[in-house]
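Reader: Hi! Could you walk me through this one in plain words?
Author: Happy to, here it is.

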Amino acid sequence: MQESPQPTFKKSSMRPNTVGSKKRMWKSLKKILASERNLQWKDAVTYSSINPPPSFKPVKKYSDISGLIAQYTDPQTKLHFHNAEEFSTVRSLPMDLTSGYLALRGATSIVG
């Protein structure tokens, strides 16, 4: 019996995950950070030393009532709202609930 030749895409040297006869070893993030700590250069740019620049886009505001994207802020209570129905709800809330919503959002100026 004659063996049929293997197609070229079946050759082990053509597989993307192998280098020669060895499999490629992937490093985890933990190993990369540990190896970077052992570098001799202290001011070199490494994987863990790159910080992104600050964003120029404004932070999105979400409604305190519904969670939808808020386009408006009530000037009296400082609560964010999405539409006119939520505005009437915000105005009808007692001050203790308003301060609770602001505390949940992490607002620094709590109405009180």
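Reader: How many of the residues count as buried?
Author: Of the 112 residues of the protein chain, 15% are buried. Buried means under 20% relative accessible area, exposed means over 50%, and partly exposed is in between, with a 1.4 Å probe and protein chains only. This is a predicted model, in which local features need pLDDT of at least 70, side-chain atom pairs count only at pLDDT 80 or more, and totals for chains, interfaces and linings use all residues. Residues are numbered from 1 along each chain as its sequence is written, and side-chain values use heavy atoms, with hydrogens and water left out.

Reader: What is the mean pLDDT, then?
Author: The chain has a mean pLDDT of 80, and 71% of its residues reach 70 or more; pLDDT is the predictor's confidence in each residue, from 0 to 100.

Reader: And where is confidence lowest and highest?
Author: Strand β1 (residues 18–19) is lowest, with a mean of 50, while β4 is highest at 95.

Reader: Nice. What does Asp 74 form a salt bridge with?
Author: Its partner is Arg 91, with the closest N and O atoms 2.8 Å apart. Asp 74 sits in the loop between β3 and β4 (80–81) and Arg 91 in helix α2 (residues 84–92), so parts that are 17 residues apart in sequence are tied together. Asp 74 is buried, at 0% relative accessibility, and Arg 91 is partly exposed, at 38%.

Reader: What does the UniProt annotation cover?
Author: In the unreviewed UniProt entry, "domain: Vps72/YL1 C-terminal" covers residues 61–90. UniProt positions are given in the numbering used here, feature names are shortened, and annotations may be inferred rather than shown by experiment. That span is 23% helix and 13% strand, and its end C-alpha atoms lie 16 Å apart.

Reader: I'm curious about Gln 71. What does it touch?
Author: Leaving out residues up to four places away in sequence, Gln 71 touches Phe 81 and His 82, where contact means heavy atoms within 4.5 Å. Gln 71 is in the loop between α1 and β3 and is exposed, with a relative accessible area of 57%. Its side chain also makes a polar contact with the side chain of Tyr 72, at 3.4 Å. A polar contact is a pair of N or O atoms within 3.5 Å; within protein, one must be able to donate a hydrogen and the other to accept it, and residues adjacent in sequence count only if both atoms are side-chain atoms.

Reader: Last one: where does Ser 99 lie?
Author: Ser 99 lies in helix α3 and is buried, at 18% relative accessible area. The Ser 99 side chain reaches the backbone oxygen of Asp 96 at 2.9 Å.

Conventions: A salt bridge is a side-chain nitrogen of Lys or Arg within 4 Å of a carboxyl oxygen of Asp or Glu. Helices (H or I, at least four residues) and strands (E, at least two) are DSSP runs, numbered from the N terminus.
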